[in-house]
Amino acid sequence: MSAPYPDHPVPEPTPAPAASSAAATVPALALRGLAKRFGQKIAVNGISLDVPAGSFYGVVGPNGAGKTTTLSMATGLLRPDHGTAFVHGVDVWAQPLEAKKLMGILPDGVRLFDRLSGEQLVSYSGLLRGMDRAVVESRVRELLGALDLARDAGTLVVDYSAGMRKKIALASALIHAPRLLVLDEPFESVDPVSASNIRGILEQYVASGGTVIVSSHVMDLVQRMCDHVAVVAAGRVLAAGTVDEVRDGATLEERFVSLVGGGTRTEGLEWLRTF
Amino acid sequence: MVAHLLSLKWRLLLNGFRRSPWQIVGMALGAIYAAGMTLAGVAGLVALRWADPQIAQTAVVLGGVLLVAGWVLVPLVTSSADLTLDPGRFTTFAVPLRQLLPGLALAGLLGIPGIATLLVSLGTVVTWARGVVPLAGALIGALLGVLTCVVASKLVTTAVAGLLASRRFKDISSIIFFIPLVLAGPIVTGLIQGLNDSRDYLPGLARTMSWTPLGAAWSLGGDLDAGHVAAAGAKLLIAFASLAVLAGAWYLLLKRAMVTPPSTGGTSRKAGKAGLFGVFPGTPAGAVAARCLTYWLRDPRYAGSLVVVPLLPILFFFAGSQSGSYELLIAVAPVTAFLMAWSISADVSYDNTAFALHLAAGVQGKDDRLGRALACLTIALPLVFVFTVGSAAVSGKWDWLPNILGCSLGALFTGLGLASVVSARWTSAVPAPGESPFKKPPGNTAQTMVVQFAGMGAMAVLLIPEIALVVAQAVTGRELFGWTALAVGPLLGGALFVAGVRLGGAWLDRRGPEMFAQLADNR
């Protein structure tokens with residue numbers, strides 16, 4: 001895969017993923033040569049990736065690797081300089097409304113409409129998507145129950161803890177029963193009980209045919225939870241495939257460190273051992 | 001340590017500018033305003049040099065008392081204490097409190113309000129430059145007074161830090177603060193009248209105040225000039241002692257605050273309250289309207305402007321009572337319509353990055369626009385009717401009723417249409433969600449001003465037909481023009497409203513991600 005920026009402005013050709021002739025093999029999410037530059041800084045430098053339908057896909061990378069930028073471009077929040085993304089074969093940037101119906105997203109670092117109560121926020125997310133009010137009401141009840149938020153359903157989101165906010169945002173992303181879930185750092189600042197609660201829901205969702213893509217920098221979690229993984233650093237994909245392929249006998253963490261490089265220098269800092 | 005903290009504060013100030021050159025422009029405007037106020041204050045104090053000593057003493061002491069009170073009260077009511085050097089941020093550095101304290105106090109002076117206070121206080125030295133002894137006394141007094149201001153302010157903000165951090169207090173205090181701000185005119189007039197009535201009483205008040213911690217420091221120069229050396233000595237002691245007590249109390253509170261950070265607890269409430277979402281239709285536009293109206297009632301940034309609305313008739317009524325004629329009162333309905341409609345011109349900016357939900361859900365631009373306008377209409381339409389009929393009744397100008405109603409409805413719908421276009425394309429620098437409506441917003445202040453001015457200009461052009469009909473009736477006195485306005489206003493306004501929602505919606509559909517990127521930048 002060629003990087004668009006060193007030899008720009010030639011964008012990579014963006015063939016659409018296999019069309020209806022092989023419907024079973026159309027990936028749930030296909031990224032084609034995504035690239036984005038902020039001023040002088042190249043955040044994403046030509047990322048192409050296939051997320052197979054029905055997979056639990058982890059995207060790992062160091063801070064500043066371009067994970068959030070990539071996922072924002074894949075979900076229609078940030079317009080790419082080059083390339084595009086396909087959700088079940090629908091081009092996110094050519095047919096945004098159709099693509100967004102298939103996706104549920106949990107962006108990282110954005111605010112919520114936090115002057116609404118938890119239940120109002122999730123209902124709002126459903127009604128915005130044009131869902132029927134009765135369906136929204138029953139789904140909100142079930143979601144809040146499953147995420148253990150029923151007790152605080154009437155509390156304003158502004159008074160929620162960080163972990164509760166993640167959970168209510170996840171509920172907002174699930175309300176329309178999407179076929180693909182894109183979650184940016186879903187486990188950040190979530191307590192262990194809630195985290196296993198969320199994991200249970202996601203695993204059930206994948207088991208029934210949904211596709212989940214999560215970004216994280218907790219290698220252990222990704223290794224245990226995901227079946228596929230992509231390692232991203234400096235805006236490029238360094239390795240991608242099933243977890244077993246990528247880790248190649250080692251643990252994912254060891255493989256990650258050897259791929260990304262750095263962080264192995266342990267000499268020096270002698271004064272730290274002399275107290 | 002003190003030098004460290006001062007240079008840290010200075011660095012923070014400078015780095016703030018590096019985010020955007022427009023921030024320098026905004027800061028420069030604030031500095032020019034402050035410089036003007038400071039210059040006026042200093043000039044007044046210099047002029048007092050040649051005034052009668054008793055008048056000078058009264059003015060200096062009472063002014064000083066107000067200054068101290070201001071430093072204590074303003075951070076309380078605006079909940080916008082300067083937290084760039086929040087003591088909480090130093091907890092992990094194990095800085096000895098004895099060194100942290102003077103550093104924080106002096107750093108508190110580094111900033112526009114601090115520098116202005118210092119300069120004005122030094123102005124009192126000129127007032128008492130009537131001999132070496134009064135001059136020295138005034139200088140010591142000024143320095144003590146400024147320190148009292150800063151330390152008292154820090155003490156109060158530390159003491160109520162928990163309260164200030166609580167959302168409910170913030171919400172309420174920032175809304176209540178709107179009231180004196182809007183009614184500043186009548187309040188100042190009333191105060192001046194009151195002062196005129198009690199002019200003989202002021203020197204006595206100043207004398208009493210000069211024996212209290214609030215005024216002691218400011219009275220040193222005057223007392224020495226009058227030869228009251230013993231009194232001056234006693235007041236010097238009072239000023240020193242109160243500064244010491246304030247600093248001691250601050251020390252103790254800070255010591256406690258460093259180990260027990262304020263916590264904000266909320267009570268949990270059960271499900272079952274759909275609120276306004278149960279009232280509006282269950283469509284995307286209806287949901288947006290329900291959400292926006294909820295915000296109008298719950299978010300102080302919106303609720304603040306709602307508090308202003310009932311105060312408008314009071315303002316107009318007051319102006320009428322001053323001039324003895326209530327005819328101008330009929331302008332209250334069109335003005336309200338205009339203000340309410342224009343208030344949603346920065347609606348997307350108020351959403352901040354929460355707008356991501358609209359983008360992710362694939363809300364169509366026209367539904368987004370329509371919902372926001374409906375929420376505003378729900379409040380504004382009844383208000384406009386009540387104000388139109390009410391103002392006609394009070395002023396007795398029933399012959400103007402059709403014209404004013406038509407003009408108000410025209411202004412309301414035209415304004416909503418225009419605001420729907422403006423807020424779909426340009427972001428404004430507005431306070432972030434959860435922040436005080438008075439907090440200096442981050443981001444592009446200059447673009448905000450340009451957008452606001454250009455928008456108002458466009459509004460004036462679009463309203464030419466309505467304005468022309470008002471002028472026509474005023475000149476000819478024929479009611480026919482009023483009835484014409486009643487037809488033209490709603491028809492023309494309605495058409496512009498539909499066009500605005502369509503155009504704004506199309507723009508938002510096309511540029512949604514770019515709008516979101518701007519919002520994320522402004523954050």
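Chain A is divided into domain 1 (13–102 + 180–262) and domain 2 (111–177), with bounds taken from an automatic or database domain assignment. This is a predicted model, in which local features need pLDDT of at least 70, side-chain atom pairs count only at pLDDT 80 or more, and totals for chains, interfaces and linings use all residues. Residues are numbered from 1 along each chain as its sequence is written, while chains are lettered from A and ligands numbered from 1 in the order in which they are written.

The C-alpha centres of the two domains of chain A lie 25 Å apart. Nine residues of domain 1 of chain A are in contact with nine residues of domain 2 of chain A (contact: C-beta atoms, placed from the backbone, within 7 Å). On the domain 1 side, helix α6 (residues 192–207) of chain A gives the most, with four residues (helices are DSSP runs of H or I, at least four residues, numbered from the N terminus).

Now for the meeting of the chains: 36 residues from chain B and 40 residues from chain A take part in the contact. On the chain B side, α14(B) supplies the largest share, six residues.

Terms used
Two residues are in contact if their C-beta atoms, placed from the backbone, lie within 7 Å. Helices (H or I, at least four residues) and strands (E, at least two) are DSSP runs, numbered from the N terminus.
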